[in-house]
Amino acid sequence: MIELRNLRRDFQVGDQTVHALADINLRVAAGEYLAVTGPSGSGKSTLLNVLGLLDHPSGGHYLFEGRDTTTLDDQAQAELRNRRIGFVFQFFHLVPRLTARQNVELPMILAGIEPRERARRASHTLARLGMSDRVHHRPDQLSGGQRQRVAIARAVVMQPALLLADEPTGNLDQASGADVIRILEDLNQQGITLVVVTHDQSIASRAHRRVHIVDGRIDQDSGGNEGA
Amino acid sequence: MKARDVIDFAAGALRGYRMRSLLMLLAMAIGVAAVVVLTSLGEGARRYVANQFSALGTNLLIVLPGRSETAGASPATLLGETPRDLTLDDARALERSRHIRRVAPVSLGTSVVSWRSRERDSVILGSSAEFLPLRHWNMAQGRFLPAGDLDNAEAVCVIGENVRRELFGMHRALGEWLRIGEYRFRVIGILESKGQSIGVNTKNLIMIPVASAQQIFNNPSLFRILVEARSREAMPLAKRDILDIIRDRHQGEEDITVITQDAVLATFDRIFSALTYTVGGIAAISLAVAGILIMNVMLVAVTQRTAEIGLLKALGAPGRHILLLFVAEAALLSAAGAVIGMALGQLGSYALRTAFPELPAWAPWWASLAAIGTAMITGVLFSLLPARRAARLDPVMALARRQT
């Protein structure tokens, strides 16, 4: 489903070139549960951004469902993000002036789906995540764990193939964090491909496959199908 | 993304930042209101002057003695002669032209007027029966000067409202004899007040037959001759006839000036239209300022909402959606500002009309359209730069910021 070939991402810091990602080769099959770990600044977030088409690689190729994304234009990439990829962020990134349901409706608004269908699907998705009684609350009326559930609902409402989570528990207490991880794993059980970036070993250890990154390179890959 | 959703989202964003939206709305509204009020003022002044001139009469030509242009040297200029006077015979001669409907000679002066012990100075206007229809004046009481031979110096007069009140007070004026200079005149009519009309106020006027005026002032020359052409189209022909007839009578000398009311009116019209355009243009600058304000505030909004923009991109909004959202915000603001400004402007010109009833201060339709158009165009145009900046924002950078 995902294939990275000799992927590079360089940043220009002053007159120095920093290799945030260097020579990454990675394959992720559909339905996998992958944890990306590594120290701060190792490039794991950059990898996630590249996977989510938010960042453009400086070199190499990124094949998503067999299509080389490096040749797609803004419009086509946006459409992929909209329909095939879901994001969950550490800081939730809910729009503060919108209610939980309106936040969940956002990707469907962008996709041009009818209002009635949007409301139905948003309510349904929130209900699946146990948020039926919080549909009309705004983010500032929700707890951290509830906000992250809304964010997850928003990420999966378009039924994407790939769910990317960047430190999804980083801003949550132990209990809500565990809750969120369970939800993500449930979604994975139902077939979604899950990639979680984390520095929490206990979370990483739950994943079926762990990729450890150091200085922009894959240091360890428990899946071991690198270079295939 | 559907148009309706774009508008909803933009409106939601505007509601989310109330203070900022209100300030931009205010700036736009003031700009549009300024254009409406100032152009209505200019237009009001133009129409006021136009009304004043049309009150003079229709298809009116004014014949003045003397030439207003000095083209070449004639024997008269060499000898330092004054131009020939206009006389009653000149006026009578003009009636021959078939392009002329009415001719009214005018002799003007001031004199002391008295009735019993009361006296005052008054403007004395000598003319003929034709004067009344020619100037579109009306009688309040009695009748106007009698028709007949211009040389007939009948001792009758028609007085204005102020003259009647000051000389006669509560006493009945019609039929009374009043004294003008050395002569006695019987009051046969009272003029209806028409207000000020290019220097002559009907209220303060005393009208007598032109021959009588020539006697009082001991002057056979006329102040001017008023001529009404048969139609608007006949005016140039009437003017040519006047010049021909008077030249024949003045030994081939063209020593008169013919002013058409249209020419005067056209000049004033041009002046006041220019004035209206100018104040409108100045007011439009405030619209441009409002546009720049919108740009500024939108730039701040883009910075404030980087996280939101990054999020929308992550959720699958292409750059042009983001551009559209921000432009829609500015367009909504501009439209709302234009509507409010329009209402304020109409209110302002209504207040002007109430305060100065003589000033028909209606904003011209083109100014209202231009104000709304300029507001929309500046709003959208000045939002393009911030919107493009938003559209090009790197989502990774945008999302890197902390936000709940």
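User: Which rings count as an aromatic pair, and how many such pairs are there over all chains?

Analyst: Rings of Phe, Tyr and Trp (its six-membered ring) pair if their centres lie within 6.5 Å. This is a predicted model, and by this rule the count comes to 6 aromatic pairs over all chains. One of them joins Tyr62(A) and Phe64(A) edge-to-face, with 6.4 Å centre to centre. Tyr62(A) and Phe64(A) are both buried.

User: How is a pair of aromatic rings described?

Analyst: Such a pair is described by the distance of the centres and the angle of the planes. Planes over 60 degrees apart count as edge-to-face. The pair Phe131(B) and Trp137(B) has 80 degrees between the planes and 5.3 Å centre to centre, and is therefore edge-to-face. Phe131(B) is buried, at a relative accessible area of 1%; Trp137(B), at 3%, is buried as well.

User: Which ring lies under the charged end of Arg97(A)?

Analyst: The charged end of Arg97(A) sits over the ring of Phe9(B), 5.0 Å from the ring centre. Within chain B, Arg353(B) lies over the face of Trp362(B), at 3.5 Å from the ring centre.

User: Which residues touch the most other members of the largest nonpolar core?

Analyst: A nonpolar core joins buried residues through side-chain atoms within 4.5 Å. In the largest core, of 75 residues, Leu4(A) and Tyr62(A) touch the most other members. Helix H11 (residues 319–355) of chain B gives this core its largest share, 9 residues. Not counting residues up to four places away in sequence, Leu4(A) touches residues including Ile24(A), Leu47(A), Leu51(A) and Tyr62(A). A second, separate core has 38 residues, among them Tyr33(A), Val88(A), Leu126(A) and Leu194(A).

How values were computed: Residues are numbered from 1 along each chain as its sequence is written. Chains are lettered from A and ligands numbered from 1 in the order in which they are written. This is a predicted model: local features need pLDDT of at least 70, side-chain atom pairs count only at pLDDT 80 or more; totals for chains, interfaces and linings use all residues. Side-chain values use heavy atoms; hydrogens and water are left out. Rings of Phe, Tyr and Trp (its six-membered ring) pair if their centres lie within 6.5 Å; planes under 30 degrees apart count as stacked, over 60 as edge-to-face and the rest as tilted. Buried means under 20% relative accessible area, exposed over 50%, partly exposed in between (1.4 Å probe, protein chains only). A charge sits over a ring if NZ of Lys or CZ of Arg is within 6 Å of the ring centre and within 35 degrees of the ring normal. Helices (H or I, at least four residues) and strands (E, at least two) are DSSP runs, numbered from the N terminus. Contact means heavy atoms within 4.5 Å.
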